[in-house]
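Please read the points below alongside the model.

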Amino acid sequence: MTTALAINFEQFITVTNHQPVTTTLLITSAFKKRHSDVLRAVDDLDVPTDFKNNNFFERTQSIKIGRGATRQSRYVEMTKDGFILLVMGFNGQQANLIKIGYINAFNKMAEMLNKPQQLALPEPTKPKTVTIDTDLLEALLKCCNVAKKHGEQLEPAMRNLFDLLGVERYVKNNFAATAYDLSHEFNYWIDKAESTLAAQLRPRLNHF
């Protein structure tokens, strides 16, 4: 009775373009063969061109040859279908066990790639609570009231400026129109600030 080999076959599987693949270099390591012999076996495959183009991919790697020099060395990357076709000619009990381990590793990698990835959402950040002293709130409210009075005077002044310059009130890209818009926005945000500050001050005053 034969038993599975104590080898981690996942080390022989890589991923290219979201597809599990292996290489002639990895096959050489797994089956203890010479790389030149594995390359020759690939070249000798008598298969249709479209199958070979879809399942076998020529690659090169740089190999150091001493004194800082390198040379380009050929290897072939292949899919699971390409691998199965190639190793059909590798015979023997040991070879069959390696084939099985290899195929199981291919299937496991494909399952992992096809499994929906669950994104870990970050915990929502809690809004920071800013505590403002009651006296400071009252002072800010007074500032808002003063700014509001000036703002109420500013908007009519800008309206008069339109009349003096003889331009339409909503003409874009001119100084008068821009000034009017700014004064209008100023009054709006002063009202918002005043109501926000008053809402924070009211519970504190009711507390006493």
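At what angle do helix 1 and helix 5 pack, and how far apart are their axes?

1. This is a predicted model, with pLDDT of at least 70 required for local features and 80 or more for side-chain atom pairs, while totals for chains, interfaces and linings use all residues. Numbering starts from 1 along each chain as its sequence is written, and side-chain values use heavy atoms, without hydrogens or water.

2. Helix 1 (residues 24-31) packs on helix 5 (residues 93-114) at about 135°, and their axes are 10 Å apart. Helix 1 is therefore oblique to helix 5 (oblique is what remains after under 35 degrees, roughly parallel, over 145, roughly antiparallel, and 65 to 115, roughly perpendicular). The crossing is right-handed.

3. L26, I27, A30 and F31 of helix 1 meet A95, I98, K99 and Y102 of helix 5 (contact: heavy atoms within 4.5 Å). Seven of these contact residues are nonpolar, none is polar and one is charged.

4. Buried residues of helix 1 are T24, I27, T28, A30 and F31 (buried: under 20% relative accessible area, 1.4 Å probe, protein chains only). Their cover includes strand 2 (19-23), helix 2 (35-43), strand 4, helix 4 and helix 5. K32 follows helix 1 and has a positive phi, near 60°.

5. T79 lies in the loop between strand 4 (69-78) and helix 4 (80-87). T79 counts as buried because its relative accessibility is 2%. The side chains of T79 and N55 form a polar contact of 2.6 Å (a pair of N or O atoms within 3.5 Å, one able to donate a hydrogen and the other to accept it). Leaving aside residues up to four places away in sequence, T79 touches Q19, P20, V21, N54, N55, F57 and F106.

Definitions and conventions. Axes fitted to C-alpha atoms, helices over the stretch in contact; angles between N-to-C directions. Helix = DSSP H or I, 4+ residues; strand = E, 2+ residues; numbered from the N terminus. Left-handed = near helix turned anticlockwise from the far one by under 90°. Nonpolar A, V, L, I, M, F, W, Y, C, P; charged D, E, K, R; others polar. Buried < 20%, exposed > 50% of the residue type's maximum accessible area, 1.4 Å probe, protein only.
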